[in-house]
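Here is a protein model to look at together.

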Amino acid sequence: MYELKVYSSYIIAAIQDKVVFFSTDGNVLHEIVVQQLPPAEGTADAGNQQNGKQGTQPPLPAHVVTFEFCPSANVLAVSLNNKALQCYELHQKDGKLSSSLLGDSIPTTRTIVCMKFVPKRNVVIGSDKSDCFEFDVLNKQEQKSKWILGHMSQILGLAVSDDERFIVTCDRDEKIKVSSYPDCHNIECFCLGHLEYVGGIEIIPTQKLISVSGDRTLRLWDFAEGKEIGQLSLQDPAVGLSVQRVEQSSEMLCVVRSSVQNKIDVALVRYEEPNASLLCDPLTVDESLSVLSAALSASLQLVLLVMEKESKRARMLAYDFSVEKRQFIPCADHSLIKNFDAQFTKQRLSRCGIIPHSSNTASITFRSTLNEKSRKSDRKNRNKNC
């Protein structure tokens with residue numbers, strides 16, 4: 001299990017039970033190792049121990065599924081595979097970063113795979129397979145977890161509007177759902193038009209939304225109205241999305257994770273004139289690598305979490321975007337690459353352990369499903385043309 005996210009001050013990576021904070025220039029600032037926890041009360045092992053018998057199974061490692069950082073509160077919320085949220089408060093003193101546990105773990109019904117902070121309300125919104133919950137991670141309320149909305153199929157992406165008035169979710173069907181917040185029983189609208197699963201969504205300036213899908217399209221929406229206002233064709237089905245604004249322009253640089261394991265599609269979306277948006281040359285990494293996660297910084301630097309197919313070892317790659325050339329340039333000497341290797345040299349990834357979530361939408365099962373869907377879509381298109 002793994003995760004990679006870029007924030008204004010930190011690049012944060014997690015593999016298995018280890019979370020590492022890097023500076024934006026790649027230096028190691030702090031690490032958190034999630035402690036192994038005993039089985040929850042009510043399990044067979046817990047019952048044996050309560051009866052004075054030694055449990056036969058060792059405690060399960062508490063591995064990170066996903067996380068979300070809130071810069072305004074300096075809080076990191078971590079979703080674990082033992083169906084719990086664990087929160088840490090970050091401390092800065094004498095130029096050094098440290099952390100401490102923040103309250104008790106918050107139990108969840110199922111594993112949370114997508115999370116977004118709502119800073120003004122000091123809560124985090126998290127989704128499991130098909131439901132979204134509001135969690136009081138700062139422990140200021142008596143009720144720590146509250147169900148707020150659901151989908152009929154698997155939720156693959158989650159976004160919160162800048163004014164915190166809307167929660168936008170997308171699913172394994174073709175739907176993008178816009179819900180009022182905090183009264184999420186009021187559905188504002190749906191953004192309908194995709195023909196396959198929606199693999200990623202990102203809210204951008206002026207109340208607009210970018211989405212990517214298995215139907216090989218990137219679409220621009222006025223999400224408050226549920227209106228599509230632009231579309232780009234992609235070469236392959238998409239399974240993830242990261243966006244950043246190009247400074248002093250109305251363009252958004254979009255990095256789209258492709259269903260092709262070593263490929264990234266790149267687009268410049270002009271949200272003021274969507275018909276002028278364009279698809280750039282794709283970025284392809286070595287065939288011996290699989291791209292697991294991609295994240296863009298405000299300076300348009302791209303970091304990729306990749307896995308060596310043979311050894312299952314995780315690695316980090318870094319690129320700078322050239323606006324003039326409209327392409328990514330490798331940063332082979334970036335200190336992040338060397339420092340990441342030093343921090344995660346012992347960790348090995350298991351493909352069967354991957355769980356779909358916002359920045360990593362494709363599990364092995366899901367990947368085979370989307371490939372089958374794509375083949376069916378191709379057959380439909382060929383039949384229409386005959």
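This is a predicted model: local features need pLDDT of at least 70, side-chain atom pairs count only at pLDDT 80 or more; totals for chains, interfaces and linings use all residues.

The confidence score, pLDDT, averages 86 for the protein chain, and 84% of the residues score at least 70. Over residues 42–55 the pLDDT stays under 50, and the model has nine contacts for them beyond four places in sequence. Residues 352–375 are also below 50, and that stretch has 60 contacts in the model beyond near neighbours in sequence.

Now for the chain as a whole. It holds three helices and 30 strands. Out of its 386 residues, 54% count as buried. Its accessible surface comes to about 17600 Å², and carbon and sulfur atoms account for 46% of that. If you take the contacts between residues at least 6 apart in sequence, 45% of them join residues at least 24 apart.

Let's zoom in on one sheet. In general, strands of a sheet pair through backbone hydrogen bonds, either parallel or antiparallel. Here we have an open sheet of four strands in the order β27-β28-β29-β30, and the pairing is antiparallel. Why is one side of β27 and of β30 left without a neighbour in the sheet? These two strands stand at the edges and each has a single partner strand, so there is no neighbour on one side. On average, neighbouring strands in this sheet are turned by 35 degrees against each other, direction ignored.

Here are the elements of this region and where to find them:

| Element | Residues |
|---|---|
| Strand β27 | 289–296 |
| Strand β28 | 301–308 |
| Strand β29 | 314–322 |
| Strand β30 | 327–330 |
| Helix α2 | 335–343 |

Look at β29 and β30: they run antiparallel and are joined by four bridges. Across this pair, Tyr319 stands opposite Pro330 in β30. Helix α2 packs on the sheet, where it touches β28 and β29, and its direction makes about 170 degrees with that of β29.

One last stop is Ser350, which you'll find in the loop between α2 and α3 (364–385). Is Ser350 buried, exposed or partly exposed? Its relative accessible area is 39%, so Ser350 counts as partly exposed, a label that covers values between the 20% cut-off for buried and the 50% cut-off for exposed. Ser350 and Met307 are 43 residues apart in sequence, while their C-alpha atoms are 9.8 Å apart in space.

Methods: Residues are numbered from 1 along each chain as its sequence is written. Side-chain values use heavy atoms; hydrogens and water are left out. Two strands pair if DSSP finds at least two bridges between them. Axes are lines fitted to C-alpha atoms, for helices over the stretch in contact, and angles run from 0 to 180 degrees between N-to-C directions. Contact means heavy atoms within 4.5 Å. pLDDT is the predictor's confidence in each residue, from 0 to 100. Buried means under 20% relative accessible area, exposed over 50%, partly exposed in between (1.4 Å probe, protein chains only). Accessible areas come from the Shrake-Rupley method with a 1.4 Å probe; for residues, only the protein chains shown count as cover.
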